[in-house]
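Trainee: Please pick one part of this model and take me through it closely. Then widen the view for me, step by step.

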Amino acid sequence: MIAFLLRRLFQAAIVMLTVALISFVLFNYVGDPINAMVGQDTSLQDREKLRQELGLNDPVHERFARFVGNALQGKFGLSYRTAEPVGRMIMERLPATLELSFVAAMFTLLVGIPMGVYSGLYPRHWFSRVLQTVSLIGISLPTFLVGIIFILTFAVLPKTCQHGLVIAGVTLIDCDFVNWFALPAFGRGDVVNLGVWTTGFLTGAGLKALILPSITLGLFQLTLIMRLVRAEMLEVLRADYIKFARARGLKNRSINFGHALKNTLVPVITVTGLQVGQLIAFAIITETVFSWPGVGQLFVQSVYSADIPVMSAYLCLIALLFVAINLAVDLLYYAVDPRLRTAQAATRAA
Amino acid sequence: MLFETRRLILAGGAAVALALAAPLGAAPAEAQGKVFRWANDGDVNSMDPYARNETFLLAFLQNIYEPLVRRDKKSQLEAGLAVKWGQTSPTTWFFDLRPGVKFHDGSAFTADDVVFSLNRAGGKGSNMTTYFSTVKAIRKVSDTRVEVDTNVPDPLLASKWAQILIMSKAWCEKNNAQAVGDLTKNEENFATRNAMGSGPFKLKSREPDVKTVLEPNKEWWDKPEHNLTEVVFSRIANAATRVAALRSGEIDMVYTVPPQDTDTLAKDPNTKVIQGPETRVVYLGFDHGRNELLYSNVKGKNPFKDKRVREAIYRSIDVEAIKRTVMRGQSYPVALMVAPVIGGYMKDLDKRPAMLKPEEAKKLLADAGYPGGFEVTLDCPTDRYVNDEKICQAVVGMLARIGVKINLRAQTRLKYFAQILLPKADTSFWMLGWSPAATFDVHDVFINLIQTPNTETKKGQFNPGSYSNPKFDELADKVQIETDVKKRNAMIAEATKIYVSDYAYIPLHQQAVIWAARKNVDLVQTSDNSFQLRWVKMK
């Protein structure tokens, strides 16, 4: 077990170094950060001097070695764009991304699993077909489009309400009521600062602001989970032990949820674990559309200004996240699947 | 389960009906205090007024800090922290300071703060050092008077320093921010995130890239024209979201409006578009210097060295057509390298020569030795100026008619500038834009864009095509130190004629500054795209 863990950690370290190296080489192609830093009439000498001071003229391997050396001591330097410490910039924005990803994951599971179960239990029912079709939209529409449509429908449209719902001269729903439902088009709303963590969970405006971005972010995964659960349900329901349970005269509810769903969830849990990493890493588009102040948006802005210190730190963070998740999954498999252990014993014996 | 489903569908139907019943119309203007919320595509990159020499940062920080001499609604100089200023000799400037001014922390503003700030702005780590190139010494004469010696006569010093905002010496020293933050060190400078000046607004809170909140300074020395109780600035990077937030009333003003949305916002009964010409002139430049043109099929010579070729190209580009089609009317064609609001603009000379017919242009090319035209590469940024790439595409089409085949190489600005600008100047034909916002004077354009490049004297540093005319250089040098306005203008006129008749550059247009706001907001737009909160009124 210890050997396994050490081997995995060693591999993880190599992955991290490789990611850092590749990103460093790529930074040579994002353009000249100096041009993003100085005013138009800064003299060529001053530009060159700044480039020299920042060590941008050094060869890639030297800069890389310096970066790794500093990163190991937890130093990521100052942002070229804002002159703020990179570590703090990322830590300040991380809660926003994590909260968004958490809510999106919850949405995915709480809506996706019931949808999957329903369409698995009644595959031919018309409503299952509706769910199937709707879920297709989740995969086929690009995230930014979904986001913009949401903003127009739930943020702009209610605010442009003039008469509300008027039928035969009677106002059934007035504009104040409609406005009450309007959601914010951008930002996190009001957040509460808990020292190292800022949260939007504790205020009404903060919770309201989470609705549209988390649905947008979770839509793709929702489809994935729903289809996975549906396929698994169909599979499991054909299994012999379900038939046997029916023969024993158990109630439908107990068969569907007690036996079938429970057995379906094993792959779902595995996939969900991996998807959480995806949600965090790929929140970039959703964050950009909703101006959500998370790490993804920070990364996009850093690309625009060739802010190399921030970009390197971000990419390392994401690499770390994926490495950590994969490591955890590997360890779980190791614990769950006895075949892995026997395989190892077999090689040792041979 | 079925019953549940039906209820769900009913609810969904009701929601759709509701959405349809909500017509696009005027919402009653909400009177929620006088909190003014506005947004831009990028954040103010720092709270330090010398960290960046960029319009947006300097304009924003002018709400908190103030310059000695500030610009009024028409971009003319007026008294700021200095009540009187001028020259006691060609190389000495004086500034008489306003008495009784208090910083936000209640401390008094004195000559020490001015001397400290000017040294900080001209010192290490500052991005404002270009404004100090002529400065020899800065000294305090009394508590209310500061004098500055320059190496050479500098008639524009006061004008340049309208960009230099004054900080408190005591505050900087207390917080260990005597110099601008050093990027090579691993520690943050206090002034990067905090601000304390003497201006009309105080910094209340700041979350970088998210929200910056200002509140009015009740002790301000000037009479406020605004009626705001709080100002919230947010960054909304995505253009569509920014426009949506304005339409939904979540924000009151948008600083950068995407050109394609101006029509929608102008038609919306709740919003208005404020637009005017910007001081920046967008132009095309030729390689006058190399003996063989890069990225071209012409070998052994450079067609752009021949004035007839430059004329044929200049007079085949239809700026009015670009304005009509590409710019949707949002540009102001020019024939000079400076805009009308800039000092030294020569109205009489701002006339473009008539367009040539394709055969006339072809004849010019043939006379120059290129009867079949030639092929060359046009370099273009994709994200720097309004519709930059599309303008270049239009130019490609226009020049195809006279047999000049253009290969377009468009790239993102950070890569673009590194390639185009000196010392590399790896280009034959390119697009740039320039605004002499530093001095509001034509000499800024002369010395940077048109004079012969020279690394020693720092002249012609943004003249990658190495255009060089000794007569022009001589005049530009004289313009720099001439303090007699009449003589100076005569020289400017002569110099302007030289570069115009040489077809040194192809000025295209001033792009429009486009802002949008809710109908209940009154504000002042200046041609240097500087948005000042002190002129904002909300009904």
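Mentor: Start at B:Val254. This residue counts as buried because 27 C-beta neighbours lie inside 10 Å, and the cut-off for that label is 20 or more. Bear in mind throughout that the model is predicted.

Where does B:Val254 sit? It belongs to strand β13 of chain B, which covers residues 253–254. Now look at its contacts. Leaving out residues up to four places away in sequence, B:Val254 touches B:Ala39, B:Arg242, B:Val243, B:Leu246, B:Trp515 and B:Ala516. For a sense of distance, pick out B:Met167. It is 87 residues from B:Val254 along the chain, and 28 Å separates their C-alpha atoms.

B:Asn463 lies in a loop of chain B, between α13 (443–450) and α14 (470–481). It has 25 other C-beta atoms within 10 Å, and therefore it is buried. Its contacts, again not counting residues up to four places away, are B:Leu449, B:Ile450, B:Gln451 and B:Pro453. Along the chain it is 269 residues from B:Asn463, and their C-alpha atoms are 38 Å apart.

Next, some strand pairing in chain B. Begin with β6, residues 92–97. Its covered face shows B:Trp93, B:Phe95 and B:Leu97. B:Thr92, B:Phe94 and B:Asp96 make up the uncovered face. Side chains in a regular strand alternate between the two faces of the sheet.

Which strands pair with β6(B)? One is β5(B), residues 82–89, which runs antiparallel to β6(B) and is joined to it by six bridges. B:Trp85 is set opposite B:Phe95 in this pairing. The link from β5(B) to β6(B) is a hairpin of two residues. Another partner is β8(B), residues 145–150, which pairs with β6(B) in the antiparallel sense over five bridges. There, B:Phe94 faces B:Glu147 in β8(B).

A second hairpin is worth a look. Strands β10 (residues 201–207) and β11 (residues 211–216) of chain B run antiparallel, with six bridges joining them. B:Phe201 has B:Pro216 in β11(B) as its bridge partner. Three residues stand between β10(B) and β11(B), and B:Asp209 in the turn has a positive phi of about 70°.

Step back to chain B as a whole. It has 15 helices and 21 strands. Of its 539 residues, 49% count as buried. The C-alpha atoms fill a box of roughly 85 × 75 × 45 Å along the principal axes. Contacts between residues at least 6 apart in sequence can be sorted by separation, and 69% of those in chain B join residues at least 24 apart.

Now chain A. Its secondary structure comes to 15 helices and four strands. Of its 350 residues, 36% count as buried. Chain A has a radius of gyration of 26 Å, while a compact globule of 350 residues would be near 20 Å. Along the principal axes, the C-alpha box is roughly 85 × 85 × 35 Å.

One helix of chain A deserves a stop. α11 spans residues 252–281, 30 residues in total. From first C-alpha to last it reaches 41 Å, close to the expected 44 Å. At A:Leu261, α11(A) bends by about 40°. Its buried residues are A:Ala260, A:Leu261, A:Thr264, A:Thr272, A:Gln275, A:Leu279 and A:Ile280. An α-helix has 3.6 residues a turn, so residues three or four places apart point the same way.

Finish where the two chains meet. Chain A puts 56 residues into the contact, and chain B puts in 55. On the chain A side, the elements that give two or more residues are α2 (33–37), α3 (44–53), α7 (143–156), α12 (284–289) and α13 (295–304). Among these, α7(A) gives the most, with six residues. By class, that side of chain A has 30 nonpolar, 18 polar and eight charged residues.

How values were computed: Residues are numbered from 1 along each chain as its sequence is written. Chains are lettered from A and ligands numbered from 1 in the order in which they are written. This is a predicted model: local features need pLDDT of at least 70, side-chain atom pairs count only at pLDDT 80 or more; totals for chains, interfaces and linings use all residues. Two residues are in contact if their C-beta atoms, placed from the backbone, lie within 7 Å. Ala, Val, Leu, Ile, Met, Phe, Trp, Tyr, Cys and Pro count as nonpolar, Asp, Glu, Lys and Arg as charged, and the others, Gly among them, as polar. The radius of gyration is taken over C-alpha atoms; the globule rule is 2.2 Å times the number of residues to the power 0.38. A residue is buried if 20 or more other C-beta atoms lie within 10 Å of its own, exposed if 12 or fewer, and partly exposed in between; C-beta atoms are placed from the backbone. The expected span of a helix is 1.5 Å times one less than its number of residues. The bend at a residue is the angle between axes fitted to the seven residues ending there and the seven starting there. Two strands pair if DSSP finds at least two bridges between them.
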